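Open the model in your viewer and keep the sequence panel in view. The stops below are given in the order to select them.

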Amino acid sequence: MRNKIILIGSDNDYHKLLKKLFIYKSILYYNTIFVVENNIRNEMIDSIINALNIKKRKKRINFIYDQSCDLIDKKNRNMNICGFKNGKCYIQRKLKSEKCNGCCRMCMYQTKNGCSTKNLSCKMFNCSEVRKRYEVIEYDNLKLLKVLSLKNQIIIKSDYFSKREDVLKDLYSYTFTYSTLKIVFRITRDFIKKSIARCDYDKC
């Protein structure tokens, strides 16, 4: 293994790193360990370097997925960004809707204590009301996701209402077509199950 020193002394250096990620994550640097020397304390830079230094494909995907979820959870910790009161979000209260549980109302993995899994797509989705009230982490803010392949970046944007294990399987697959068919099948299956199953809530 050879070392590659990444100097981060300014925001400009950080942007240069992001532009070179498509090369650094390629097979050309498979036998390279990246070492960052920076004057800027940036958790995202550390995460990117750590991801580049994971050479096993599945382990890298797992790290990026879980680390991205953790960054969002850390940002939103102890914050009720959806404004839930009595099970209703800002929008549902504003519209005086009979529905509850906000955007998660059709998801199989919702519980009375919140989400029972870890879905990155869902964590990055915020309605206009939430974005108006809070500075939230969105897809473009998670530069760590650039270490993923283009196929996986697309999947991450749209793999809603799926449990963590299923999303990771989608990311592991090599072809976009196969991943898409799996996602469509799973969404259809889960929708049918949700429709025929007895809801745990009085209103869903």
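A residue counts as buried when its relative accessible area is under 20%, and as exposed when that area is over 50%. This is a predicted model, so keep that in mind at each stop.

Select Lys55 first. Lys55 sits in the loop between H3 and H4. Its relative accessibility is 17%, under the 20% limit, so Lys55 counts as buried. Now show what surrounds the residue: leaving out residues up to four places away in sequence, Lys55 touches Met1, Tyr29, Tyr30, Thr32, Phe34 and Arg60. Follow the side chain of Lys55 to two backbone oxygens: that of Tyr29 at 3.1 Å, and that of Leu52 at 2.8 Å from a polar atom of the side chain.

Next, go to the largest nonpolar core, which has 37 residues. Select Ile48, Leu120, Leu142 and Leu145, the members that touch the most others. Then colour the elements that each supply at least two residues of this core, among them strand E1 (2-8), helix H4 (57-76) and helix H9 (164-172). Centre on Leu145: beyond four places in sequence, its contacts are Ile64, Ser68, Leu120, Met124, Tyr139, Gln153 and Ile156.

Last, select Thr188, in helix H10 (residues 176-196). Is Thr188 buried or partly exposed? At 42% relative accessibility, Thr188 counts as partly exposed. Pick Tyr90 as well: Thr188 and Tyr90 are 98 residues apart in sequence, and their C-alpha atoms are 28 Å apart.

Technical notes:
Residues numbered from 1 in each chain as written. Predicted model: local features only at pLDDT ≥ 70, side-chain atom pairs only at ≥ 80, totals over all residues. Heavy atoms only, no water. Helix = DSSP H or I, 4+ residues; strand = E, 2+ residues; numbered from the N terminus. Buried < 20%, exposed > 50% of the residue type's maximum accessible area, 1.4 Å probe, protein only. Core = buried A, V, L, I, M, F, W, Y, C linked by side-chain atoms within 4.5 Å. Contact = heavy atoms within 4.5 Å. Polar contact = N/O pair within 3.5 Å; in protein donor to acceptor, adjacent residues only side chain to side chain.
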